[in-house]
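Welcome to a short tour of a protein chain. Take a moment to turn the model around, and then let us walk through it together.

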Amino acid sequence: MLSIALSHRNLFFVLCVLIVKLGCVWWLRQQVQSSVQRTYSYIGDDYPRAWPIPMAGPVLMPLENTRRYMIEAPESDQEWDSMTPNNGIIHLGEQRRPFSISMFHQLRCISLLRTEMVSAQKTGVVKPDSPLNQHCINYLRQLLFCDADTILDVVLGPLSHPLVIPEFFECKDWQLVYDEVEKNQREYLGSDS
């Protein structure tokens, strides 16, 4: 009789645990669905942390030296500027609130540091502590920590002056970002007419 009572108690306990687990799974699904379907006003702090655009799986990008995007060449400014169409600004919500995508903010910072290097070489005037330079260096440093990429890169040469050669990068498909930015900017410019 005691073993039957224990097995009923055990069965009851297992059923309770199962009900709690099912409830948790249901609650989590509701949370995911509500966050996916949530609409934002884009006023004040009511906006998503990331632009909710459709993204495909990762793409591989081999590391390659390029003749484009030089530090200083006649076409450098135009090439670097082309990476951030309309400064990478998008407009969201009914009020068409402007936002910058981090990818474009990062590219603009690299370009700014590049132009500061060129200016210092040409004029001899170095402004390493300008507020904008400091912002960009700090911003890029924090993003590198945030990403914390642990892919192993091959080190060549002496350790005192290592040459680090990554073979490839696994990246988000940046072309999808450019396509969505172009679409957003076309819609924004069209709404001004």
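Predicted model: local features only at pLDDT ≥ 70, side-chain atom pairs only at ≥ 80, totals over all residues.

A pocket here is an open set of points on a 1 Å grid over the protein atoms alone, where a 1.4 Å probe fits, with protein on both sides within 12 Å along at least five of seven lines.

Residues are numbered from 1 along each chain as its sequence is written, and side-chain values use heavy atoms, leaving out hydrogens and water.

Which residues lie nearest the centre of the largest pocket? They are Ser102, Met103, Gln106, Cys171 and Trp174, out of a lining of 45 residues (lining residues have an atom within 4 Å of a point). Helix α4 gives the most to this lining, with six residues.

**The chain as a whole**

The chain has five helices and six strands (DSSP runs numbered from the N terminus: H or I of at least four residues for helices, E of at least two for strands). Along the sequence they follow the pattern α-β-α-β-β-α-α-β-β-β-α. Of the 193 residues, 19% count as buried, where buried means under 20% relative accessible area, exposed over 50% and partly exposed in between, with a 1.4 Å probe and protein chains only.

| Residue | Relative accessible area | Class |
|---|---|---|
| Cys146 | 64% | exposed |
| Cys171 | 17% | buried |
| Tyr69 | 28% | partly exposed |
| Trp80 | 12% | buried |

**Cores and a disulfide**

The largest nonpolar core has 13 residues, and Ile90, Ile101, Phe104 and Val181 have the most contacts inside it. Such a core is a set of buried Ala, Val, Leu, Ile, Met, Phe, Trp, Tyr and Cys residues joined through side-chain atoms within 4.5 Å. Two or more residues come from each of β2 (89–92), α3 and α5 (174–191), and α5 gives the most, with three residues. A second, separate core of six residues includes Cys109, Leu112, Tyr139 and Leu140.

Cys109 also takes part in a disulfide with Cys136, S to S 2.3 Å (a disulfide is a pair of cysteine sulfur atoms within 2.5 Å). Why does this pair tie together parts that are 27 residues apart in sequence? Cys109 lies in helix α3 (residues 102–123) and Cys136 in helix α4 (residues 131–147), so the link spans that separation. The link is left-handed, with -75° about the S-S bond, and both Cys109 and Cys136 are buried.

**Aromatic rings**

The whole structure holds five aromatic pairs. Rings of Phe, Tyr and Trp (its six-membered ring) pair if their centres lie within 6.5 Å; planes under 30 degrees apart count as stacked, over 60 as edge-to-face and the rest as tilted. Tyr69 and Trp80 are edge-to-face because their planes stand at 80°, with the ring centres 5.8 Å apart. Tyr69 sits in the loop between β1 (59–62) and α2 (76–82), while Trp80 is in helix α2, eleven residues apart. Elsewhere, Tyr40, Tyr42, Tyr47 and Phe99 form one aromatic cluster.
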